[in-house]
Amino acid sequence: MPLGVYVLGLSVFALGTSEFMLSGLLQPLARDLNVSIPRAGLLVSAFAIGMVVGAPLLAAATLRLPRRVTLVALLAAFGLGQVAGALAPTYGVLFVSRVVSALACAGFWAVGAAVAMSLVPVDARARAMAILVGGLSIANILGVPAGSLLGQHAGWRSAFWAVALMSAIALAGVIALVPRTDPATGADKPRLRRELRIYADKQVWLNVVTIALNAAAVFAVFSYLGPLLTDVSGLAENRLPTVLALFGLGGLIGTALGGRIADGHLFGTMYGGIAASAVTLGLLAFLARSPVAAIALSLLLGVAAFTAAPALNARMFEVADAAPTLAGATTTSSFNIGNTLGPWLGGLVISAGWGYESVALTGAALAAAAVVTTALASLTSRRRARRRLGVTCPSAAPASWGA
């Protein structure tokens with residue numbers, strides 16, 4: 001695996017820490033800014049909305065720019081957004097800083113995924129994406145719990161300063177180790193109109209919906225995991241970093257597992273990971289009052305959710321192979337549509353008075369819906385393959401179909 005892919009994974013670690021660390025900071029942040037927990041949870045959605053909008057817009061705007069230059073500029077903008085968040089005097093300013101940071105994060109994800117795909121052969125795409133997604137897993141193991149600890153002992157703003165420092169380190173790594181590329185010319189020159197044609201393919205849209213539903217299932221719970229564990233399971237607030245680290249450890253295990261098997265068993269990996277998430281979330285809804293069960297299920301949720309991630313990423317690049325930059329942007333937007341929808345739905349059921357357990361049931365329903373869309377995608381893919389066989393081998397088609 002080229003060294004540049006690992007550097008991109010390191011950069012994603014910084015981005016992922018910022019995106020996810022609010023799960024362990026909701027309570028001190030809400031107290032400091034005098035807002036409710038559901039309103040503080042909307043900061044997660046604010047980041048996700050910026051990712052949804054920013055990924056395709058920035059991918060299109062930077063399509064013909066040198067990719068390393070684009071990555072450097074976006075990382076610098078992201079780091080400045082973290083500084084703005086650390087200095088934010090009000091909830092409104094913090095909200096805006098999260099959206100701005102998310103725009104830069106989205107652009108980096110879109111371009112970084114395309115760079116990673118360009119550095120490896122086709123049969124190693126899932127493994128390359130596993131390294132990028134692994135950056136998110138390590139962010140959950142180290143970054144998110146560390147942010148929670150900083151929030152408890154040095155104030156929630158210190159976590160933003162720490163991410164700004166990590167962004168600077170990642171920036172230096174990209175400058176030093178990601179290969180420099182010149183914009184393509186001639187027939188290979190990127191053309192937005194040509195890349196936009198991928199959106200005429202219903203397989204692309206099925207994958208968009210599946211990714212969004214899977215992400216929403218996880219984030220409906222993860223965004224409120226801290227209050228669920230303290231208010232329902234009875235854990236002390238100072239135990240949250242440990243449980244968040246377990247979730248991240250599960251994510252790292254799941255990413256490694258999914259990356260290893262997805263290149264050979266794409267749909268099987270998607271089915272297994274998403275279905276396991278649905279079962280885990282359903283169990284959490286009914287067993288959340290047991291601290292031991294809640295902790296164990298948090299670990300298992302990380303394994304299940306991240307097992308499917310490399311396959312979902314690789315599937316998008318498979319069905320949108322002619323448009324690698326927009327494929328990465330579309331994947332990023334899809335995940336963050338789910339990251340927006342999940343906390344919003346979770347906040348709705350909490351505000352309705354149904355309790356924190358209800359967010360786990362909501363997540364289970366969303367994951368079950370993702371299993372259905374995966375089945376539709378698999379069926380559509382098989383039908384398309386049979387049609388191709390009928391066109392290329394017409395004499396063999398009737399016997400094949402009859403069998």
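Just after helix α10, G234 adopts a positive phi of about 85 degrees; helices here are DSSP runs of H or I with at least four residues, and strands are runs of E with at least two, numbered from the N terminus. The model is predicted, and local features need pLDDT of at least 70, side-chain atom pairs count only at pLDDT 80 or more, while totals for chains, interfaces and linings use all residues. Residues are numbered from 1 along each chain as its sequence is written, and side-chain values use heavy atoms, with hydrogens and water left out.

Helix α10 itself (residues 225-232) has seven of its eight residues buried, so it is largely enclosed by the rest of the structure. Buried stands for under 20% relative accessible area, exposed for over 50%, and partly exposed for the range in between, with a 1.4 Å probe and protein chains only. The buried residues of α10 are L225, G226, P227, L228, L229, T230 and V232. A positive phi also turns up at N34, near 60 degrees, in a residue other than glycine. N34 sits in the loop between α2 and α3 and is exposed, with a relative accessible area of 70%.

Leaving aside residues up to four places away in sequence, L132 touches V5, L8, G9, V12, W109, G112, A113 and A116, where a contact means heavy atoms within 4.5 Å.

The model also holds two cavities of 30 Å³ or more. A cavity is a set of points, on a 1 Å grid over the protein atoms alone, where a 1.4 Å probe fits but cannot get out, and its lining residues have an atom within 4 Å of a point. Grid points are joined across faces, edges and corners, and a volume is the space filled by probe spheres set on the points. The largest cavity has a volume of about 370 Å³. Its lining comprises 24 residues, with F20, L136, F219, F306 and F335 lying nearest the centre. Helices α1 (3-20), α5 (91-118), α6 (125-154), α9 (202-222), α13 (291-319) and α14 (324-351) each supply at least two residues of this lining, and α14 gives the most, with six residues. By class, the lining of the largest cavity has 15 nonpolar, eight polar and one charged residues. In this scheme Ala, Val, Leu, Ile, Met, Phe, Trp, Tyr, Cys and Pro count as nonpolar, Asp, Glu, Lys and Arg as charged, and the others, Gly among them, as polar.

Side chains of opposite charge can pair when their charged atoms come close. Two salt bridges are counted in the model, each requiring a side-chain nitrogen of Lys or Arg within 4 Å of a carboxyl oxygen of Asp or Glu. In one, the side chains of R157 and D32 meet at 3.8 Å, N to O. This pair links distant parts of the chain, with R157 in helix α7 (residues 156-177) and D32 in helix α2 (residues 26-33), 125 residues apart. Both partners are partly exposed, R157 at 25% relative accessibility and D32 at 46%. The other salt bridge joins E357 and R289, whose closest N and O atoms are 3.1 Å apart. E357 lies in helix α15 (residues 357-392) and R289 in the loop between α12 (266-287) and α13, so the pair ties together parts that are 68 residues apart in sequence. Here E357 is buried, with a relative accessible area of 18%, whereas R289 is exposed, at 61%.

T62 lies in the loop between α3 (37-61) and α4 (67-87), is buried at 14% relative accessible area, and touches T70 and V111, not counting residues up to four places away in sequence. V72, in helix α4, is partly exposed at 23% relative accessibility. Beyond residues up to four places away in sequence, Q82 touches S18, M21, R98, S101, F160, V163 and A164.

Definitions and conventions: 1 Å grid on protein atoms, 1.4 Å probe; cavity = no way out; pocket = protein on both sides within 12 Å on 5 of 7 lines; lining within 4 Å.
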